[in-house]
Amino acid sequence: MINVRYLSHSFGRYWALKNITFSLEKGDFLFLTGPSGAGKTTLMRLLHGSLPLQRGAAAIAGFDLKNLAPRKRYLLRRQVAIVFQDFKILPDRSVWDNVALPLIVRGMVKNQVQKRVRAVLRGLSLDRKSWCLCREISGGEQQRVAVARAVVVNPKVLLADEPTGNLDKKLSVQLMEVFRQFHVHGTTVVFATHNEELIRSQSGAKVLALKDGSIAGANWSLEETGV
Amino acid sequence: MRVFRHLLYQGIVNLGRNKWAQVFTVSAVTFVAFLAGLFLLLLFNFNLAVRSTQDGIQYQVYWQSGYSMDEINSQWNDIRTWEIESIRTYTPDEALQGLVDSMSGDYDPGHLSKNNPLPATAVVEFSLDTEQGEDLAQEILSRLEQLSGVERVSYNPMQMDMARTWLAVTSKVFWPLIAFMFLITGLVVANTLKLNQINRRDEVEILSLVGASSIYIKFPLLITGALQGLIGGVFSVLLLKTVHLLIKDILNFPPIWVSIEFLPPLYTGIFVAALVGVGIMSSFLTGKDQVRQV
Ligand SMILES: Nc1ncnc2c1ncn2[C@@H]1O[C@H](COP(=O)(O)OP(=O)(O)O)[C@@H](O)[C@H]1O
Ligand SMILES: [Mg+2]
């Protein structure tokens, strides 16, 4: 589902990622850990097609990132959803509008949209905030809107960049449950966090630790998978 | 089709977002377009005024006296098919009659009518316009001079010079000026709209991140741009019409008697369509940049 080979990325002369190689099967759950500045966000953005591939190769959900024409990029983004560390939601629209956006963009019929959005908002305890404008809700709620918008499309791959960063313990657990649900139904999840407790709570998940842009450790053998 | 309607609707709804920004944008477009329109109106009327003096340039053609009238008649019929406005013809008899009529008293032409010394003449009248230029004047002149039996062709050199000068002015100044004005207007309008759309950059970015195709993102932008151009264009025409009503008759007194004409519907249509076009173009270019950057 995800195959990354010798991936490096630089911002100017600074190498944010160096020679990253790993691969994930369909339905894997990966925790991406590492201190701030390790390169987690950069890796996520590369996998989502938001940064151009500079060195190495990467494939995700059947798309070869090296040869993906910009005008085909939206097809990748329909299979690979992302929760950004800084949310990237529309502050002047309601919670409902933000979560419905990816479905509307896909041309889904209205009552389907309603059904799905309602279910996802309930799952994330946002149903009572449906009609609030996003700039008027708390940071934790905004974060959950970002998560809701990603999971509402039932993606093949779910990339989540520190989605529990602004949440208290109870909400973190609830959010984890949402991710687990998707994982159980076959979604491949990449979850960036440095919350050790959260990682330990998910037995069977793969863990990849980054440090200064390089792989510092993994709880499975990176060599045996991939080509 | 549902998606298409949704996108069309989005394009219209976009106008309602950020209301003050929209008001400023459309006002700026209206104002620039109004100035351009005013300029166009003045040029148009100036052109009309000058053109009215150059209508009816005349060549007077004199045949050799005694030349065969049958021959001359067939030449006259031929001339009628040329690109001219009118031809007035005088046979020697008619010329003589005219001469007699102009003399007071009852002068008897008697022997003159038997042995008429007057030549056949014709006054060929035509007008110059920009497309044909002065080639037409030259061509008509040489064709007239080459007719067999024609003795000489005379014309008023002052009038010809005036017409020629104006033709040169229109082709060298008038059209370039209009083209230049359209360019300036286009640039100003395009930049105004572009600034307006940069406000919506976040939205474009987010649409792209959640999987919208670039057509899906651009189409509402195009609609918004087209509407902004259209609204600005229509407002500026209304403003222009109001101003026209106010100034229409300021020159309409003796001895000038010029009433200022409004632009013909075709010009007005082209004017508004050009603004819509600029709106679409600028949105297209802005949208292209933005989608690429995400
Ligand atoms: N757009 C950028 N321009 C320059 N440097 C950047 C940019 N994005 C990230 N970096 C740098 O790349 C390194 C990795 O950043 P990031 O991937 O955000 O780390 P993490 O998400 O693990 O905290 C950091 O040192 C950061 O300063
Ligand atoms: Mg980060």
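Angles under 35 degrees count as roughly parallel, over 145 as roughly antiparallel, 65 to 115 as roughly perpendicular and anything else as oblique. All the close-ups come from a predicted model, where local features need pLDDT of at least 70, side-chain atom pairs count only at pLDDT 80 or more, and totals for chains, interfaces and linings use all residues. Residues are numbered from 1 along each chain as its sequence is written, chains are lettered from A and ligands numbered from 1 in the order in which they are written, and side-chain values use heavy atoms, with hydrogens and water left out.

**View 1. Helix α1 of chain B against helix α9 of chain B.** Here α1(B) (residues 2-16) packs on α9(B) (residues 214-247) at about 50°, with the axes 8 Å apart. Helices here are DSSP runs (H or I, at least four residues), numbered from the N terminus; axes are lines fitted to C-alpha atoms over the stretch in contact, and angles run from 0 to 180 degrees between N-to-C directions. The two helices are therefore oblique to each other. Their crossing is right-handed (the near helix is turned clockwise from the far one by less than a right angle). On the α1(B) side, the contact (heavy atoms within 4.5 Å) includes Val3(B), Phe4(B), Leu7(B) and Leu8(B), and on the α9(B) side Tyr216(B), Phe219(B), Ile223(B) and Leu227(B) are among the partners. The contact residues split into 12 nonpolar, six polar and no charged. For this count, Ala, Val, Leu, Ile, Met, Phe, Trp, Tyr, Cys and Pro are nonpolar, Asp, Glu, Lys and Arg are charged, and the others, Gly among them, are polar.

**View 2. Helix α3 of chain A beside helix α5 of chain A.** With axes 7 Å apart, α3(A) (residues 95-105) and α5(A) (residues 139-151) pack at about 30°. That's why α3(A) and α5(A) are roughly parallel. Val95(A), Asn98(A), Val99(A) and Pro102(A) of α3(A) touch Val145(A), Ala148(A) and Arg149(A) of α5(A). Sorted by class, that's five nonpolar, one polar and one charged.

**View 3. Helix α3 of chain A with helix α4 of chain A.** The angle between α3(A) and α4(A) (residues 110-123) is about 125°, and their axes sit 10 Å apart. So this pair is oblique, with a right-handed crossing. Trp96(A) and Leu103(A) are among the α3(A) residues that meet α4(A), whose side includes Val117(A) and Leu121(A).

**View 4. What surrounds ligand 1?** The neighbours (a heavy atom within 4 Å) include Phe11(A), Tyr14(A), Lys40(A) and Thr41(A). Look for the polar contacts (N or O atoms within 3.5 Å): oxygen atoms of ligand 1 lie 2.7 Å from a polar backbone atom of Gly37(A) and 3.0 Å from one of Gly39(A). A polar side-chain atom of Tyr14(A) is 3.5 Å from an oxygen atom of ligand 1.

Technical notes
Polar contact = N/O pair within 3.5 Å; in protein donor to acceptor, adjacent residues only side chain to side chain.
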